[in-house]
There are 2 protein chains.
Amino acid sequence: MTGSLIFPPGPFADAVAAIGPFDDEAAAAARVRHAQLTKPAGSLGRLEELGCTLAGITRRCPPPIPTRPAVAVFAGDHGVVASGVTPWPQSITALMVSNFVAGGAAINALARQVGARVEVVDVGVAADLDSIAGVQHRNVRRGTADLLLGPAMTTADAHAALDVGASVAAALVADGHDLLVTGEMGIGNTTPSAALIAAFTRTDPEAVTGRGTGIDDVMFAHKAKVVGNAVARASTRTDPVSVLAEVGGLELAALAGFVVAGVAARVPVLVDGVIACAALVTAEALAPGTRRGCIAGHRSPEPGATVALAHLGLEPLIDLQLRLGEGTGACLAVPIVQAAARVLHDMATFDELGMQ
Amino acid sequence: MTGSLIFPPGPFADAVAAIGPFDDEAAAAARVRHAQLTKPAGSLGRLEELGCTLAGITRRCPPPIPTRPAVAVFAGDHGVVASGVTPWPQSITALMVSNFVAGGAAINALARQVGARVEVVDVGVAADLDSIAGVQHRNVRRGTADLLLGPAMTTADAHAALDVGASVAAALVADGHDLLVTGEMGIGNTTPSAALIAAFTRTDPEAVTGRGTGIDDVMFAHKAKVVGNAVARASTRTDPVSVLAEVGGLELAALAGFVVAGVAARVPVLVDGVIACAALVTAEALAPGTRRGCIAGHRSPEPGATVALAHLGLEPLIDLQLRLGEGTGACLAVPIVQAAARVLHDMATFDELGMQ
């Protein structure tokens, strides 16, 4: 599924075309610089690796210190909630969108702490949110169909949602944002996420299905069966957009587009938990190399997240057992990313300190 | 070693007398509030626990969001470097003090990133630093004696260094700092740290001795023997100040005083790596209950740190394989502490969102 794909003209196709290679030379220059700074070589551990990664992504050594982070929170609903995969009613998605624009959700608190803008995008909420101010009204359709019974959406819907995500990233970059953070909201969205991860990593569906934000054993067994059925159907599809349409979600597609466009712009993309990991696995299938422009913010306790991160070769920065989504885990990691860049800017060398 | 101890009058004795209990009611109130906020209960994982801990430490729910963090970097030298436990020359300690006040060290970069003040304190550097501006000149003695051959210092020295640390914390709190971060510099100080951890946790010295900032196998075997000899001698001492004097260090004693005084002032103390853990194990022996006022910033890869943290019942927030010290790991955790408090302030409740 990693051959040369053709996408309809639009922001997503533009982003895929613009993706460049990770800059190994800039990363190597950062490694050399780290060895000259006033500390034992390697003593800043993974912060040093992260600095090298930022240099490779941004093609600069030292990499710029990101000072204008932005979180995009894509909201979408899922027909599969009718099949009983979550104890939460679908209406929570719309309520939480109101909460995001009012500033009262967890992502608002964490974004405020790190000085990040929060951009709320309705890409697929089931309710009519047109009257809510402060939301980007980009609804592709009012929620997906139930993926237990058939395709979650058409490939045209998937392409449209990919374009929404890519255009949101491009606009944030054009506005001067230099660190993009993935966020989302969608009651039921751990189910399509598990299905996407199983399909793209070719992993047993049971091994990637988790308990989301809290379900009992009976619902869990049912959810695993729903994911298994969806993945069995997805495995008959031959291209990644079809897989995404068959078992994905609108906010998942938008996130995939968002990540690809951020990476294409060479702005580091900080990836949140299992939903974002599912989107990134999808993005990597659509636009190979995307993962090299991403940083994993935190380790979600959902088993699918660990499978996806291993598949992508990413190691998360934080592991605090967050299982909320919205972008909260990635947001917590923003200062670590900034610190990794700052070390390469601010620290003196042994030479400067008068030592050889 | 946890009986009622008497200390000479001074800032440390005052701090020990002022330590109050952790406020279980405020912590419980934070737990109740977390259940009302617009997220599934428990979904912010360890960030929720941390918020409850901050409420218990500060006796307030919601706990204040710390906005004025300060790192105190205590510098001291160690006679034991003459016995070959580190490849670094002792003169690096003084050079790094110059680097700290010039702003070129790792701790400066990381403190700048989180808006923390850096307070540099010479409590026991072997060189004369009087001409260096920007340093608190509180030198108790010009480095310890070689702890392989006899006591590292007198109990009077240890008391004096405890007082230095306690007075630095009290002054920072009086200046309005609301989050204290432990920092240190001292070539060779993983050796006394290992000895203190082994002595106070009654652990096999070999199990707590690590490779510091990078030593070879031969030096490592020698270091373990040095620690073993020191611990054997320390085990004959009957009170914790004597243990500290026998196998400790001046910056370690100052850190212990600093932590106790911060906790006494009910200001959260964010603890760095293995050196800080050794100081906290010492502080807990001197003033039982101190650990309840502390937050472990990061997990040092030194084996002694893990032994000490288990003994203290603390779980670190970050694990990025940092092994530099200076306060770098704890500094990286500052925004997480701020975020944990902010969530309890900023988030809406389900009631406010119109849901019961």
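In this predicted model, B:Pro62 sits in the loop of chain B that runs between helix H3 (46-58) and strand E1 (69-76), and the peptide bond that joins B:Cys61 to B:Pro62 is cis, with omega about -5°. Chain A has a cis peptide bond from A:Cys61 to A:Pro62 as well, with omega near -10°.

**Confidence of the model**

- The mean pLDDT of chain A is 96, and 99% of the residues of chain A reach 70 or more.
- For the model, the scores are ipTM 0.96 and pTM 0.97.
- Where pLDDT is low, predicted coordinates should not be read in detail.

**How chain A and chain B are related**

**The interface between chain A and chain B**

- Contact between the chains involves 47 residues of chain A and 47 residues of chain B, and the two chains bury about 3900 Å² between them, with 71% of it on carbon and sulfur atoms.
- Two salt bridges are counted between chain A and chain B, and a salt bridge joins the side chains of A:Arg112 and B:Asp346, with a distance of 2.5 Å from N to O.
- Across the interface of chain A and chain B, 18 residue pairs are found in polar contact, with both residues at pLDDT 80 or more.
- On the side of chain A that touches chain B, the elements that give two or more residues are helix H3 (46-58), helix H4 (91-102), helix H5 (106-114) and helix H14 (328-346) of chain A.
- H14(A) gives the most to that side of chain A, with nine residues.
- Sorted by class, the side of chain A that touches chain B has 28 nonpolar, 12 polar and seven charged residues.

**Salt bridges within the chains**

- Over all chains, the structure holds 24 salt bridges.
- One of the salt bridges is formed by the side chains of A:Arg299 and A:Glu315, at 3.4 Å from N to O.
- Because A:Arg299 lies in the loop between strand E6 (294-296) and helix H13 (303-312) of chain A, while A:Glu315 lies in the loop between H13 and H14 of chain A, the pair ties together parts that are 16 residues apart in sequence.
- In chain B, B:Arg117 and B:Asp175 form a salt bridge in which the closest N and O atoms are 2.9 Å apart.
- That pair links distant parts of the chain, 58 residues apart, with B:Arg117 in strand E2 (residues 117-124) of chain B and B:Asp175 in the loop between helix H6 (155-174) and strand E4 (179-185) of chain B.

**Backbone details in chain A**

- A:Pro62, to which the cis peptide bond from A:Cys61 leads, lies in the loop between H3 and strand E1 (69-76) of chain A.
- A:Arg202 has a positive phi of about 55° although it is not a glycine, and A:Arg202 is found in the loop between helix H7 (190-201) and helix H8 (205-208) of chain A.

Definitions and conventions: Residues numbered from 1 in each chain as written. Chains lettered and ligands numbered in written order. Heavy atoms only, no water. pLDDT = per-residue confidence, 0-100. Contact = heavy atoms within 4.5 Å. Buried area = accessible area lost by both parts, 1.4 Å probe. Salt bridge = Lys/Arg side-chain N within 4 Å of Asp/Glu carboxyl O. Polar contact = N/O pair within 3.5 Å; in protein donor to acceptor, adjacent residues only side chain to side chain. Helix = DSSP H or I, 4+ residues; strand = E, 2+ residues; numbered from the N terminus. Nonpolar A, V, L, I, M, F, W, Y, C, P; charged D, E, K, R; others polar.
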